[in-house]
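Trainee: Please take me through the surroundings of the ligand, and then through what lies behind them. I'd like one connected account.

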Amino acid sequence: MKQVLMGDHAVARAVQLARAEVISAYPITPQTLIVEELSEICARGELDARFIKVESEHSALACCMGASMAGARTFTATSSQGLLLMHEIMHWSAGARTPIVMVNVNRAIAPPWNLWSDQTDSLSQRDTSWLQFYCENNQEVLDTVIMAFRIAERIFLPVMIVLDAFILSHTSEVVDIPDRKDVDAFLPPFKPLLKLDVDEPHSFGSITGPAEYQQIKKMRHEDMMDAIRVIKETDDEFEKIFGRRHGPVSAYRCENAELVLVTTGAMSGTTRIAIDRLREKGMPVGALKIRLFRPFPAEEIASSIGGAPKIAVIDRNLSVGAGGIFAQEIKASLYGKATRPAVFGLVGGLGGGDFTPDAIEDIAKRLLGAQAPEADVIWEEL
Amino acid sequence: MAMDAKQLAEMKKVYSRPECLKDTIYHFCPGCNHGNVTRMVAEAIDEFGIKGRTIGVAGVGCCVFLYNYIDVDVMEAPHGRACAVATGINRVHPEKIVFTYQGDGDLAAIGLAETVHTANRGENITVIFVNNTVYGMTGGQMAPTTLLGQKSTTSPYGREFMGDGYPIKMAEMLATLEGAAFVARVACDTPKNLMQAKKAIKKAFKMQIDKMGFSFVEVLSACPTNWGMNPLDAYKRVDREMTPYFPLGIFKERTTADYL
Ligand SMILES: Cc1ncc(C[n+]2csc(CCOP(=O)(O)OP(=O)(O)O)c2C)c(N)n1
Ligand code: SF4
């Protein structure tokens, strides 16, 4: 069934279809529509979930962690400052191997206050052992949330799905909503590996010495790396039932490209419009969308770039003192390759600046003529 | 009926904009009591002549533009952290007058811990707490102060104590703490209550000026927008629904500083 849905409402529908059992959240713009819609859905009895309204994001995630340990499928949603407040529990919940699914609406971090899109909030969580997906449109949002539960519950690590503030969260698009029975077939009920169970007592989160500690971390890293395989399998299974797949990355018209524009989130669709226009004019440009950030799809990125001599990574985020975060990660992942492209690291759209097709076309034209990046960070004023 | 020049000259100005209330248009919704509370704080600052040495700390909520209205230095605190930020400022500048201005989400939900501990340490600051029973700025979600049965965007069929708990009575709670010097609850629904509110706000600043310790004024306020009411009905709701549960009055008033 097709419906016109805002990104936040697509999230709520996905959570409903996934039959989350415990939802705990604290409101923050532009996530509020998600929790409001879910509280309506729960109150109408259309989802048999406990909706727990707590006093902060820190408690919301801690509450999800407890619920997950008790064997429930759990969900939370937040944004910006709220996500930052969750940081401690993000590490903890991943360490506790609780397969929580969270949606974060990318919003700029204060001060100064700003409500608009900026990925620095979620990218600052890169070392918390959470998987991270960046979505391009509302269909991808809905699909990824459903897939996320399945992935999380296979590898026992929590998953964060990210969408741009307002550009997706509050913008209506046509979304194909899957049938309930198909989602049930795709996503069986949650079977915890370990849970708090009086018949089989365990205690969790105890103290360890250095050897065990490192071993535990190593296992977590290996499981995270293995998640790429699980993500691809999940994509295959999803495609079989729903006819759509999204992939960790997706390349667009990269054949014989001199320059590949690398993007994430909502600007990826805009970039393809720009690429079509440029290709029509005979310019050798392509695009690569990165959907998965953790685990980092290094191999998929390297093979998708093909032989392009130049890539331009457009970052709507900033690690102050280092530069755009996707650019850094991509540079690091290409370092060991025998042939590697020149990487232009562009930073722009912080706090909501709009990447229009024209703006992206201009970037491509400019960089087609450039030899090597003139600076580590190339600032884009939009 | 037009007045002639003589009549005009004979008129006395009895009410004007407080000196430290900037001549800007409030962003508050029509009928919102944030406007009254902001003004009363500005009046108190004028009346004590402390404009030059007052520092405000704004919570996150509809009060976030405090710096646009009151002509004193204002620092924005992260959501809920105003009392902790104010403590830091006050410990460095004990001679300054430091106040926070916070809503019920900011103070009674996410910022409850630092509020309680700031009061308990008896920090010499003044806290102005606007209780409008919802998270106003984010669109009317359930707050810790939301009344039982009250509908909000996250309690669409009304707040139930099973699961959502009871509305939290901040003034009563803080009054139990040794460190609190002055704790009062007032309302903005009638001219009489506004006068009481003004008195309490002034008293709270006076306590700080006299170095008596932590002073706290909870102001019952209307949020017509998120209550889905016109302002008059909203003020009636304050009287009919809020004051029976959140009684007005002074809950604690110390007469000597506790270190004396
Ligand atoms: C850590 C964090 N979580 C959530 C928010 C979003 N937020 C902004 S204001 C607010 C609630 C405001 O309500 P209240 O304090 O009652 O003030 P009012 O607007 O009603 O005056 C929330 C939840 C935030 N800014 N930071
Ligand atoms: S939303 Fe409510 S609290 Fe905020 S300005 Fe409007 S009436 Fe006042």
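Mentor: Happy to! A residue is near a molecule or strand if its C-beta atom, placed from the backbone, lies within 6 Å of it. By that test, ligand 1 lies between chains A and B. This is a predicted model, in which local features need pLDDT of at least 70 and side-chain atom pairs count only at pLDDT 80 or more, while totals for chains, interfaces and linings use all residues. Residues are numbered from 1 along each chain as its sequence is written, and chains are lettered from A and ligands numbered from 1 in the order in which they are written.

Around ligand 1 there are 24 residues, the closest being G61(B), H79(B), G103(B), G105(B) and G136(B). Two or more residues of this shell come from each of helix 4 (80–95) of chain A, helix 5 of chain B and strand 5 (134–135) of chain B; helices (H or I, at least four residues) and strands (E, at least two) are DSSP runs, numbered from the N terminus. By type, the shell holds 12 nonpolar, nine polar and three charged residues. Here Ala, Val, Leu, Ile, Met, Phe, Trp, Tyr, Cys and Pro count as nonpolar, Asp, Glu, Lys and Arg as charged, and the others, Gly among them, as polar.

Now for the two chains themselves. Chain B brings 17 residues into contact with 14 residues of chain A, contact being C-beta atoms, placed from the backbone, within 7 Å. On the side of chain B that touches chain A, helix 5 (104–110) and strand 6 (141–142) each supply at least two residues. That side of chain B has nine nonpolar, six polar and two charged residues.

Behind all this sits the packing. A nonpolar core is a set of buried Ala, Val, Leu, Ile, Met, Phe, Trp, Tyr and Cys residues joined through C-beta atoms within 7 Å, where buried means 20 or more other C-beta atoms within 10 Å of a residue's own, all placed from the backbone. The largest such core has 115 residues, and V145(A), V260(A), V262(A) and A312(A) make the most contacts inside it. Its main contributor is helix 6 (residues 138–155) of chain A, with 10 residues. Leaving aside neighbours within four places in sequence, V145(A) is in contact with residues including V11(A), V101(A) and I161(A). Apart from this core lies another, of 73 residues, among them V134(B), M170(B), L174(B) and A197(B).

Notes
Contact = placed C-beta atoms within 7 Å. Buried ≥ 20, exposed ≤ 12 C-beta atoms within 10 Å, placed from the backbone.
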